[in-house]
Amino acid sequence: MPRVTNLRPSVACGAALAVFSLVIVKICLPHSSMDGVAAAAALIGVAGGAGSNFLFSYFSEKARSTSEVADEQLREVVDNLQRESSRLEAILGSMVEGVVAVDPLLRITFLNRAFAESMEVQLPLEARTPLVQVVRDHDLLEMFNAVFNSGEPLQKRLILSAGGTRTFAVQVTPLAGGPNRGAIGMFYDITEIERLERIRKDFVANVSHELRTPLAAISGYAETLLEGALEDPDNARRFAEIILNKARQLTNIVSDLLVLSTLESGKPPVPQPVSLRESVESALRTVEPVARSRGVNVVFRFAEDLDVMGHEIRLEQVFVNLLDNAIKFNRPDGEVHVEIAREGGRAVVHVRDTGLGIPSRDLPRIFERFYRVDKARSRATGGTGLGLAIVKHAVEQMGGSVSVESRLGQGSVFTVALPPVDSNAIVT
Ligand code: ADP
């Protein structure tokens with residue numbers, strides 16, 4: 001390799017300039033590779049001479065290759081940015097939360113699919129569409145304006161009318177670089193969470209009410225006994241019976257609540273094949289004393305036994321609840337018919353009664369917790385208003401469904417449909 005000291009002065013000077021030019025190239029390249037190459041070429045031209053001609057081609061070659069490297073680096077940076085940007089877009093696009101970015105004039109610069117869907121925006125959207133054309137709710141526009149004015153992020157719970165009235169937890173944040181760059185809004189749909197929260201509150205209120213009624217009776221009658229009724233044997237016995245009755249009612253409510261809570265929160269038991277015939281027969285044994293005491297005749301019919309995938313104890317509870325109602329809400333000397341059948345690829349059990357029937361306006365609500373057509377009658381028969389809620393939950397957990405048809409004054413039919421064990425073999 002030639003050493004610089006062995007070269008003629010003009011060559012050494014050329015070399016020095018060329019090295020300098022390389023430094024220029026290095027400085028210039030990050031901004032523009034072409035500028036760097038031109039600077040190098042100009043400086044090398046000044047050096048002149050035979051040696052400098054050699055160095056010119058040597059260093060311009062070097063400069064070119066350095067510029068190629070820089071070009072490559074630039075390409076890599078651009079590629080990385082593009083990759084990063086598509087990754088971000090994919091992440092924002094797949095988010096369940098709605099995202100919308102706007103410029104300071106409240107024109108949309110970006111929106112993800114979740115936002116478009118929840119606000120029912122037709123895509124593609126024209127560039128810089130005003131946000132007000134998509135969401136007309138004044139509160140939201142106010143929120144963005146407040147963020148632009150203060151430069152501080154803001155969180156609010158808003159009911160937005162776009163895409164049907166829904167409740168959102170909205171967070172608006174100014175984009176990095178100050179509010180002049182725009183702001184981004186995140187929308188969490190909390191409509192369902194709020195609905196469940198309302199149900200939970202109603203449920204707690206209902207439970208308290210249901211417990212308070214028998215408790216008030218128990219303490220009332222106990223006080224009356226202590227205040228002197230104990231000395232009156234006829235009344236003492238009657239009051240003691242009422243207390244016992246109310247205490248039983250409390251026990252029924254608490255045990256039904258426990259069953260419901262296990263159904264809702266507990267892990268469903270692993271389904272096992274259960275014989276419908278055995279399950280119904282076992283339930284019939286449980287309700288037999290009530291049927292006898294009310295003079296209701298229960299008839300059980302099945303052309304074939306069917307196994308379903310379920311949980312033995314829960315399935316029996318389903319039939320006990322349905323049969324108990326069919327007997328309780330029947331007329332004296334009424335009838336209950338239980339039948340197992342195969343219908344539309346499903347194993348079904350019909351529980352038919354000749355009882356009071358259910359008014360059509362109440363039918364859609366009778367599976368709700370604590371819903372009763374006639375509260376007084378339900379309580380008088382030891383009902384809790386939770387029996388059908390348990391039935392629905394348990395059956396659905398086993399992959400089945402429960403339905404009801406009823407005619408006022410004529411009777412009701414409750415139908416439980418479950419997937420039979422051999423469902424694959426059934427032609428529907
Ligand atoms: P309850 O403890 O009151 O029986 P359920 O949840 O089992 O509670 O039933 C809810 C309500 O549905 C009952 O109070 C009753 O009004 C009505 N109901 C249920 N089954 C029947 C039936 N077979 N015939 C008439 N009404 C019924």
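**Questions on the fold and its details**

Reply: Arg-128 is found in the loop between α4 and α5. This is a predicted model, and Arg-128 has a positive phi of about 60° although it is not a glycine.

Me: Which peptide bond is cis, with omega near 0°?
Reply: The loop between α4 (113-118) and α5 also holds Pro-124. The cis bond, with omega near 0°, is the one from Leu-123 to Pro-124.

Me: Is His-138 buried or exposed?
Reply: His-138 belongs to helix α5, which covers residues 138-150. Because 9 other C-beta atoms lie within 10 Å of His-138, the residue is exposed.

Me: How many helices and strands are there in the chain?
Reply: The chain has 428 residues, of which 30% count as buried. Among its contacts with a separation of 6 or more, 60% join residues 24 or more positions apart. The secondary structure consists of eleven helices and twelve strands.

Me: Which elements give two or more residues to the shell around the ligand?
Reply: There are 22 residues around the ligand, and Asn-325, Val-373, Ser-378, Gly-383 and Gly-387 come nearest. The elements that give two or more residues to this shell are α9 (312-328) and α11 (387-397).

Me: How do the residues of the shell around the ligand divide into nonpolar, polar and charged?
Reply: The shell around the ligand is made of 22 residues. By class, they are ten nonpolar, nine polar and three charged.

Me: Which residue with a positive phi follows α11?
Reply: Phi at this position is near 80°. The residue that follows α11 is Gly-399.

Me: Are α7 and α11 roughly parallel or roughly antiparallel?
Reply: The axes of α7 and α11 come within 10 Å and cross at roughly 25°. Angles under 35 degrees count as roughly parallel. Therefore α7 and α11 are roughly parallel.

Me: How do the residues of the contact of α7 with α11 divide by class?
Reply: The crossing of these two helices is left-handed. Asp-256, Val-259, Leu-260, Leu-263 and Glu-264 of α7 meet Ala-389, Ile-390, His-393, Ala-394 and Gln-397 of α11. In the contact of α7 with α11 there are six nonpolar, two polar and two charged residues.

Me: Are α6 and α7 roughly parallel or roughly antiparallel?
Reply: Helix α6 (residues 191-226) packs against α7 at an angle of about 160°, and their axes are 9 Å apart. Angles over 145 degrees count as roughly antiparallel. It follows that α6 and α7 are roughly antiparallel.

Me: How many nonpolar residues has the contact of α6 with α7?
Reply: The crossing of α6 and α7 is left-handed. Residues of the contact include Val-207, Leu-211 and Tyr-221 of α6 and Phe-239, Ile-243 and Leu-257 of α7. Besides two polar and two charged residues, the number of nonpolar residues is 17.

Me: Is the crossing of α8 and α9 left-handed or right-handed?
Reply: The axes of helix α8 (residues 276-294) and α9 come within 8 Å and cross at roughly 25°. That angle makes α8 roughly parallel to α9. The crossing of α8 and α9 is right-handed.

Me: Where is Phe-370 found?
Reply: Phe-370 is a residue other than glycine with a positive phi, near 65°. With 18 C-beta neighbours inside 10 Å, Phe-370 counts as partly exposed. Its place is the loop between β10 (346-353) and α10 (375-380).

Terms used. Residues are numbered from 1 along each chain as its sequence is written. This is a predicted model: local features need pLDDT of at least 70, side-chain atom pairs count only at pLDDT 80 or more; totals for chains, interfaces and linings use all residues. Helices (H or I, at least four residues) and strands (E, at least two) are DSSP runs, numbered from the N terminus. A residue is buried if 20 or more other C-beta atoms lie within 10 Å of its own, exposed if 12 or fewer, and partly exposed in between; C-beta atoms are placed from the backbone. Two residues are in contact if their C-beta atoms, placed from the backbone, lie within 7 Å. A residue is near a molecule or strand if its C-beta atom, placed from the backbone, lies within 6 Å of it. Ala, Val, Leu, Ile, Met, Phe, Trp, Tyr, Cys and Pro count as nonpolar, Asp, Glu, Lys and Arg as charged, and the others, Gly among them, as polar. Axes are lines fitted to C-alpha atoms, for helices over the stretch in contact, and angles run from 0 to 180 degrees between N-to-C directions. Angles under 35 degrees count as roughly parallel, over 145 as roughly antiparallel, 65 to 115 as roughly perpendicular and the rest as oblique. A crossing is left-handed if the near helix is turned anticlockwise from the far one by less than a right angle, and right-handed if clockwise.
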